[in-house]
Amino acid sequence: MRILVTGATANIGRKVVDHLLSLGAKDIRALTTNPAKAALPTEVEAVRGFIGRPETLAGAFDGVDRMYLAPSPDTTADVLALAHKAGVRHVVALDGEPESWWGTVTSAVENSGLEWTHLWPGDFFENVGIWAQQIHTTGTIREPHPDAASTPIAMDDIAAVAAAALFEDGHAGKTYPLTGPEALTRRELVAQLAAALGYDIPFVPVSRDEAVAVFTPAMGETAEWYVDSVLGGLAAQTPAPNRVVEQVTGRPATTFAEWAATNAAATIGPRPTLDA
């Protein structure tokens with residue numbers, strides 16, 4: 001069984017490759033824009049291509065049975081048409097609810113003629129990197145909704161579920177909403193991040209307009225959308241964690257504290273030195 005991993009050097013795709021190897025997959029093809037620099041394991045076949053440019057995919061699907069699809073809304077339908085024509089049978093897609101930003105990907109997957117598995121993750125642990133600029137310039141986190149909560153998940157857990165769905169039978173037609181093991185407020189996330197980093201990071205509640213101004217240096221024009229749609233969306237919901245990661249992979253999902261103990265310093269950077 002040959003498995004194709006698209007986006008194989010991206011944050012999640014690269015981890016999918018590693019998890020497939022740990023499960024015992026022997027025939028993995030990895031799609032990357034630069035095979036020479038991909039630094040993939042020697043037992044993985046690296047091929048050049050980019051799903052954002054379907055014209056680069058000639059031959060990428062030859063002999064492939066199953067594929068992991070990194071999201072590419074503008075080209076998903078074209079990519080899947082090529083996969084279907086080449087004989088690919090099953091796609092495991094990182095997408096989202098039909099009414100979400102990724103809804104066009106979800107629709108294209110279900111209309112592709114392939115068997116499919118949806119992975120619908122929420123907030124990523126790694127997204128705390130958006131706070132790095134604030135921490136290094138002010139030593140604080142400034143947001144408008146300290147008690148807004150989410151059920152964030154590690155990218156590695158998403159990749160582990162993807163690999164299981166690719167390597168094992170029984171996942172076709174399944175939709176997996178993916179959460180971490182606990183609901184955490186924004187204030188709790190900051191506190192656990194600070195504990196992992198070893199220094200205090202106060203959470204300072206601010207107005208919507210001040211939050212937009214705070215995020216603009218790091219996010220530019222998307223700061224307003226982030227504050228209104230992402231942070232505002234979190235404030236409007238009551239999240240409930242599930243056990244899908246454990247049910248699919250056989251091990252509990254990673255907690256944020258566990259993730260932060262290993263990854264916080266690399267995500268945020270060196271301890272800030274602030275002017276008195």
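1. The largest pocket holds about 1,400 Å³ of space. A pocket is an open set of points on a 1 Å grid over the protein atoms alone, with protein on both sides within 12 Å along at least five of seven lines. Its volume is the space filled by probe spheres set on the points, which are joined across faces, edges and corners. Lining residues have an atom within 4 Å of a point. There are 44 of them here, and Trp102, Pro121, Gly122, Asp123 and Asn127 are the closest to the centre.

2. This is a predicted model: local features need pLDDT of at least 70, side-chain atom pairs need 80 or more, and totals for chains, interfaces and linings use all residues. Residues are numbered from 1 along each chain, and side-chain values use heavy atoms, without hydrogens or water.

3. Which helix gives the largest share of the lining of the largest pocket? Helix 8 does, with 6 residues. By class, the lining has 26 nonpolar, 14 polar and 4 charged residues.

4. The second largest pocket has a volume of about 180 Å³. Its lining has 14 residues; Thr6, Gly7, Phe50, Ile51 and Ala70 lie nearest the centre.

5. Now helix 2 (residues 76-86). Helices are DSSP runs of H or I, at least four residues, and strands are runs of E, at least two. The buried residues of helix 2 are Thr76, Val79, Leu80 and Ala83. Buried means under 20% relative accessible area with a 1.4 Å probe, protein chains only. Seen down the helix axis, these residues fall within an arc of 95 degrees (taken from the directions from the axis to the C-beta atoms), so they line one face of helix 2.

Technical notes: Buried < 20%, exposed > 50% of the residue type's maximum accessible area, 1.4 Å probe, protein only. 1 Å grid on protein atoms, 1.4 Å probe; cavity = no way out; pocket = protein on both sides within 12 Å on 5 of 7 lines; lining within 4 Å. Nonpolar A, V, L, I, M, F, W, Y, C, P; charged D, E, K, R; others polar.
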